[in-house]
Amino acid sequence: MPFQRTTARDAARRHKFLTETFTAYLYLLPATAVLVTFHFAPVLYAFYVSLLEWNYISPNPAFVGFANYAALLQDSDFITSLVNTVYYVVGTVPTSMAAALLVAVLLNQKIRGLAWYRTVYFLPVITAANAVAIIWFWIYHPDYSGLLNGLLDRLGLPIQSWLLDPRWAMPCIILMSIWKGLGYNVVIFLAGLQNISSEYYEAAQIDGAKGLSMFRHITWPLLSPTTFFVLIISVIGSFQVFSQVYVMTRGGPLKSTLVVVYYLYKIGFEDFKMGYASAMAYALFIIIFTLTLLQRKYIGSRVHYQ
Amino acid sequence: MNHSRSRPRPGAITARLLRSAGIHALLLAGAIVMLAPFAWMISTSLKDYSEVFTVPIKWIPSRLVWSNYADAWNEAPFTRYFFNSAFVATATTIGQLTFSALAAYAFATMNFLGREVIFTLFLGTMMIPDQMTLVPNYVLLFKLDWIDKYYALIVPWLASVFSIFLMRQFFQTIPRELYDAAQIDGCTRFGYLWRVMVPLSRPVFITCGLFTFIGSWNAFLWPLIVTNTDRMRTIQVGLSTFMQEHGTVPTLLMAASTMAIMPVVIGFFFVQRQFIQGIARTGLKS
């Protein structure tokens, strides 16, 4: 009876599959419960909240449709915060990436003390942003006793009032953020460089290629997947800047460092306008998402994969 | 290449030495910039107040004022802050590693309905920025009456898609035959995870554990929102409160900052190789 035996085996197999599915779901349950409750559901709920006018103190939220989104476009503070955030991203990302690439290339020259350098450059990455922001707050001290002003003074340059000056406050935050994030990019770039097969360099050397042209024609194109990855991660991360601003300037002076997430925090958790804050969170998400897609489309297509 | 190694010309050696010196000079300059803020922090934390604002700056205090640390510690409930951070970070790490290992084990070794779909959905959460979930999670925790409780600081971070992903990758490299052999020896499914998979995957557990611990220890925005009394504040939020109250006393502030930073820095020195390799492999952001 070959036919019956097959069905019996099929049934057994199906039974095994179903038991395994049941077991697998049990193993997945704890992580899934947390992800659904605190990551998936909130995204949907945030959208619902963004359609409400909900001052947290009042128990009865009013449905206002897309009024919060419309208000966002009219809110000059929100526009300012967007412009400032873009300023921050543009100031931080390219400089940090260029500096990190330089450091990574230097570290990749088979030098002594690689591990030591790598650890030192990485140190700011693992320290808490708010704690190092406190240090930098004092480095930017507005009179001669500040570390930065002392340095400028010794070089014969005029001192500045840094965080108290609307023109300088954002560059100060940018500089600190580059310092803080550099090591992370260095480590990623270094890993990318070490992944490039030495055969390419040996072949180029036979053809008579030298340092800089070797970098341009071999390192740069072959490193492009890494560069692209660092770019995407950096842009996403930079759009979410918060701790530095919270500790050093609170968005001031004259709103010159008011960034989106700080504004969101202020609206949502100081003014308790939950609906409006949620609309802002959605706007931020859409901006980050769109930017990521655009980068994939326009820059991603120029990436070489080995 | 070959002939230059066997009989190097004197000029080539000089050029190589110069090149190497140049590289080290650049890297050292960068390293000094990286370390200077920390040096200033430690130096200031050990100064007498009168020496903080000297021009030019005095890097080595004429007298080491260790009492700044004791004073800072007594000015605010730092014992409580430290305990809270240590407890929250430890609980989050243990819980998250457990939950992630269970999920990764299912993804890596079991054949079940909807495996690919569920895994893709999990990965999808990495697209969601944390700010998206701030308001709804706050509302939820408020309704659960979890605000200003340990639950609020721990439970939302008990699942990490990063960890699940990393562990799954690692689990997949362990040969299936090992499982069959273990099963013949009477090993249960869970027993195999606990007694075979976990010990074999130590490096990945260390990497994930470190990430979680450091991320939890350094977290700022979330604890800032869900705590509102000194009883529940973590070290980072406590430090920021301390700055608001004692911002004009840099010696105490730097002593407090040093204390907040040091546990992670010291821990990092012990495991830095594994940690950096983990990042290089995966591009994780802490």
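Chain B contains 14 helices and 0 strands, where helices (H or I, at least four residues) and strands (E, at least two) are DSSP runs numbered from the N terminus. Read along the sequence, the pattern of chain B is α-α-α-α-α-α-α-α-α-α-α-α-α-α. The model is predicted: local features need pLDDT of at least 70 and side-chain atom pairs count only at pLDDT 80 or more, whereas totals for chains, interfaces and linings use all residues. Residues are numbered from 1 along each chain as its sequence is written, and chains are lettered from A and ligands numbered from 1 in the order in which they are written.

The overall form of chain B comes next. Its C-alpha atoms fill a box of roughly 75 × 75 × 35 Å, taken along the principal axes. The radius of gyration of chain B is 25 Å, whereas a compact globule of 286 residues would have a value near 19 Å; the radius is taken over C-alpha atoms, and the globule rule is 2.2 Å times the number of residues to the power 0.38. Of the 286 residues in chain B, 37% are buried. A residue is buried if 20 or more other C-beta atoms lie within 10 Å of its own, exposed if 12 or fewer, and partly exposed in between, with C-beta atoms placed from the backbone.

Chain B is assigned domain 1 (2-65) and domain 2 (69-282), with bounds that come from an automatic or database domain assignment. Between domain 1 and domain 2 of chain B, the contact takes 7 residues from domain 1 and 6 residues from domain 2; two residues are in contact if their C-beta atoms, placed from the backbone, lie within 7 Å. The C-alpha centres of these two domains of chain B lie 35 Å apart.

The contact between the two chains takes 71 residues from chain A and 70 residues from chain B. On the side of chain A that touches chain B, the largest share, 19 residues, comes from helix α1 (residues 2-50) of chain A. That side of chain A divides into 54 nonpolar, 14 polar and 3 charged residues. Here Ala, Val, Leu, Ile, Met, Phe, Trp, Tyr, Cys and Pro count as nonpolar, Asp, Glu, Lys and Arg as charged, and the others, Gly among them, as polar.

Helix α5 (residues 129-139) of chain A is largely enclosed by the rest of the structure, because 11 of its 11 residues are buried. Two packed helices are described by the angle between their axes and the distance between the axes. α5(A) packs with helix α2 (residues 10-45) of chain B at an angle of about 85 degrees, with their axes 10 Å apart. Axes are lines fitted to C-alpha atoms, for helices over the stretch in contact, and angles run from 0 to 180 degrees between N-to-C directions. α5(A) is therefore roughly perpendicular to α2(B), a term for angles of 65 to 115 degrees. A:V132, A:I135, A:W136 and A:I139 of α5(A) make this contact with B:P37, B:W40 and B:M41 of α2(B). By class, the contact has 7 nonpolar, no polar and no charged residues.

Some backbone details remain. Most residues other than glycine have a negative phi, and most peptide bonds are trans. A:W162, although not a glycine, has a positive phi of about 40 degrees, and A:W162 counts as buried because it has 23 C-beta neighbours inside 10 Å. B:D145, also not a glycine, has a positive phi of about 60 degrees, but B:D145 counts as exposed, with 10 C-beta neighbours inside 10 Å. A cis peptide bond joins A:G252 and A:P253, with omega about -10 degrees.

Terms used. Parallel < 35°, antiparallel > 145°, perpendicular 65-115°, else oblique.
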